[in-house]
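Please examine the sequence and the model displayed below.

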Amino acid sequence: MVDTTKIAEHMEVVDSDGVHVGTVDHLDGDRIKLTKQDSPQTEDGQGAKHHYISIGLVAGVDDGKVWLSANADNVTSLEETE
């Protein structure tokens, strides 16, 4: 189990290959809320949205980054939006 107290605002979130996935906005229960800044505008012209990643995908926190156990393609399919 990952020590979630080590996850802080504005930390970079990277996938298992070290590819940038997002930036921590804050912890929201058992999810990491990512900043809107990393979310592209949707095709229908709506603005960027917050995305959430389950804490269960976090492999560790090291070197100022939140490391996920999945690669970016898998993470994207598991993200939630609000």
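Two strands are said to pair if DSSP finds at least two bridges between them. Strands (E, at least two residues) and helices (H or I, at least four residues) are DSSP runs, numbered from the N terminus. The structure is a predicted model, in which local features need pLDDT of at least 70 and side-chain atom pairs count only at pLDDT 80 or more, while totals for chains, interfaces and linings use all residues. Residues are numbered from 1 along each chain as its sequence is written, and side-chain values use heavy atoms, with hydrogens and water left out.

Consider β3 and its partners. Over 3 bridges, β3 pairs in the antiparallel sense with strand β4, residues 51-54; here Arg31 has Ser54 of β4 as its bridge partner. The pairing of β3 with β2 is antiparallel as well and runs over 4 bridges, and Leu27 stands opposite Ile32 of β3. Between β2 and β3, which form a hairpin, there are 2 residues, and Gly29 in the turn has a positive phi of about 70°.

Are the residues on the two faces of β3 buried or exposed? Buried means under 20% relative accessible area, exposed over 50%, and partly exposed in between (1.4 Å probe, protein chains only). Arg31 and Lys33 on one side are buried, as are Ile32 and Leu34 on the other.

A nonpolar core is a set of buried Ala, Val, Leu, Ile, Met, Phe, Trp, Tyr and Cys residues joined through side-chain atoms within 4.5 Å. The largest one here has 16 residues, and those with the most contacts inside it include Ile32, Ile53 and Leu68. At least two residues of this core come from each of β2 (20-28), β3 (31-34) and β6 (65-68). In soluble globular proteins, nonpolar side chains tend to be buried together.

Finally, Thr35 lies in the loop between β3 and β4. Thr35 is buried, with a relative accessible area of 11%. Beyond its neighbours within four places in sequence, Thr35 is in contact (heavy atoms within 4.5 Å) with Thr23, Val24, Asp25 and His50.
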